[in-house]
Protein chains: 2
Amino acid sequence: MNAPIVNPALTKNQSLVFEALDRADGPLSAYTILDKLRDHGFRAPLQVYRALDKLTEFGMVHRLESLNAFVACAHRESACCGKGHGHGTVAFAICESCSQVLEFHDHEVDHHLSDWASSKGFKPSKTTIEIRGICQKCAA
Amino acid sequence: MNAPIVNPALTKNQSLVFEALDRADGPLSAYTILDKLRDHGFRAPLQVYRALDKLTEFGMVHRLESLNAFVACAHRESACCGKGHGHGTVAFAICESCSQVLEFHDHEVDHHLSDWASSKGFKPSKTTIEIRGICQKCAA
DNA sequence: ATGGCACACGTTATAGCATAACGCAATTGA
DNA sequence: TCAATTGCGTTATGCTATAACGTGTGCCAT
C-alpha cells in the first residue's frame, strides 16, 4: 500500500477513482470501480470513464488493453527518462492466475520499436506491451 | 489480395470467417464479420466467435487487443523461427488514420522481453505488442 | 453394430464494456 | 459582462463477449 500521493489538481471524482485504483491490489474494470464508489455518490459509468480518461492523460493510470481494465501507475516517484511524471512506453506482465500486474520499462525494447517505426515512416502515438502468463509466485 | 491458401481442415464456418478477414483490407470486429456473413447463414455472434477462437488457435488470425478486432495473419508462408505456421511474438503497427495494420516480428524485442520474464520468474503465455500511430502514407 | 466420446453447430438470453447527447454549474480570462 | 472551457449528472443506447441449452455428426474401442 503506497502513501496517497494525490495530485491536488485532481477533481473530487478523479481523486476517488484514483484512490480506488491505488487501494486495489490488481486491475479494476470501470464497472467495478463504479460499484466501489456508489457510496460516494457515483451512479453512472460515465462518471468513472471521464475520470479515467483524465487520469490516463495525466499518466497516473494505465489501461490494460487485454483486460479492459485499469491500474494505478506503479512508478510513483518521478521519471527515469524525462517526460515529467511519465516514462517512454510502459510494459506489463499480467498473471493469469492471481491477476497481479508487474509494470516495467525496458529501454532496449522501446528503442527497437522506435527504430522499427522510423524505418517504416510510422509515427507512434501510443504503444501497448502486455505479457500474459504466470507469475513466479503462482508458478511455484 | 493473396491467393486463398485455405487450410482444408477448416470447417465451413471457419473458412467463411477467415475468408472475410482475408478479403478485408483492415481489421474487422466480430460483429462486422457477422454482418458480412448474414447472407451465408450466420445469425448469431457465437458463430463468429467460435470460428475466431479456432482460427486464432491455429495462428491464422490475430486479435488486436487495443481495437477489439481481428486480422488475418500477414505471414502466410511458413515461419521464420520454428513453431510451424507460427512465429514467436508478432507485433502490430496500427494507423489511426487509415486503420491499416502492419504486422511484423522483431527478434530483439522478443528476446528482451523473454529475458525480462525469466529474470522475474514470469512464464509468458501470450504477448501483445501494438503500436498505435500514423502510417507513412497518412503522415505525408 | 452400438455405445460413448469429442466436436462443431444453432439459438436464446444475458453479461460486460463504452459512448452519445442533453442540460446545468463553476471557473477563467478577454 | 460575456464567451469559452471544463467538470458534472442523467438517460439512453450501442458495441463486445459469453453462458447455457440442445442437436447432429463422425470416430473408434468394445
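Which helix gives the most to the surface near DNA strand D? The model examined here is predicted: local features require pLDDT of at least 70, side-chain atom pairs count only at pLDDT 80 or more, and totals for chains, interfaces and linings use all residues. Residues are numbered from 1 along each chain as its sequence is written, chains are lettered from A and ligands numbered from 1 in the order in which they are written, and side-chain values use heavy atoms, with hydrogens and water left out.

The surface near DNA strand D receives its largest contribution, four residues, from helix 3 of chain A. Helices (H or I, at least four residues) and strands (E, at least two) are DSSP runs numbered from the N terminus. A residue is near a strand if one of its heavy atoms lies within 4 Å of it. Of the 14 residues around DNA strand D, those that come nearest are Asn13(A), Gln47(A), Arg50(A), Tyr31(B) and Arg63(B). For Arg63(B), a side-chain N or O atom is 2.3 Å from a phosphate oxygen of DNA strand D. Among the atoms of DNA strand D within 4 Å of the protein, sugar or phosphate holds 44% and bases hold the rest. By class, this surface has five nonpolar, five polar and four charged residues; Ala, Val, Leu, Ile, Met, Phe, Trp, Tyr, Cys and Pro count as nonpolar, Asp, Glu, Lys and Arg as charged, and the others, Gly among them, as polar.

Around DNA strand C there are 15 residues, of which Tyr31(A), Arg63(A), Thr11(B), Gln47(B) and Arg50(B) come nearest. Helix 3 of chain B supplies the largest share of this surface, four residues. Phosphate oxygens of DNA strand C lie 2.7 Å from a polar side-chain atom of Thr11(B) and 2.6 Å from a polar side-chain atom of Gln47(B). The side chain of Tyr49(A) has an N or O atom 3.0 Å from a phosphate oxygen of DNA strand C. The residues of this surface divide into five nonpolar, five polar and five charged.

Within chain A, helix 1 (residues 12-23) and helix 3 pack at an angle of about 80 degrees, with their axes 9 Å apart. Axes are lines fitted to C-alpha atoms, for helices over the stretch in contact, and angles run from 0 to 180 degrees between N-to-C directions. Helix 1 and helix 3 of chain A are therefore roughly perpendicular (65 to 115 degrees). Helix 1 of chain A contributes Asn13(A), Gln14(A), Val17(A), Phe18(A) and Leu21(A) to the contact, and residues from helix 3 of chain A include Gln47(A), Ala51(A) and Phe58(A). In chain B, helix 1 (residues 12-23) and helix 3 (residues 45-58) likewise pack at about 80 degrees, with axes 9 Å apart.

The contact between the chains takes 33 residues from chain A and 33 residues from chain B, contact meaning heavy atoms within 4.5 Å. Chain A and chain B bury about 2,800 Å² between them, with 66% on carbon and sulfur atoms. Buried area is the accessible area (1.4 Å probe) that two parts lose on being put together, summed over both. Trp116(A), Phe122(A) and Ile131(A) supply 22% of the area that chain A buries against chain B, more than any other three residues.

Note on methods. A polar contact is a pair of N or O atoms within 3.5 Å; within protein, one must be able to donate a hydrogen and the other to accept it, and residues adjacent in sequence count only if both atoms are side-chain atoms. Angles under 35 degrees count as roughly parallel, over 145 as roughly antiparallel, 65 to 115 as roughly perpendicular and the rest as oblique.
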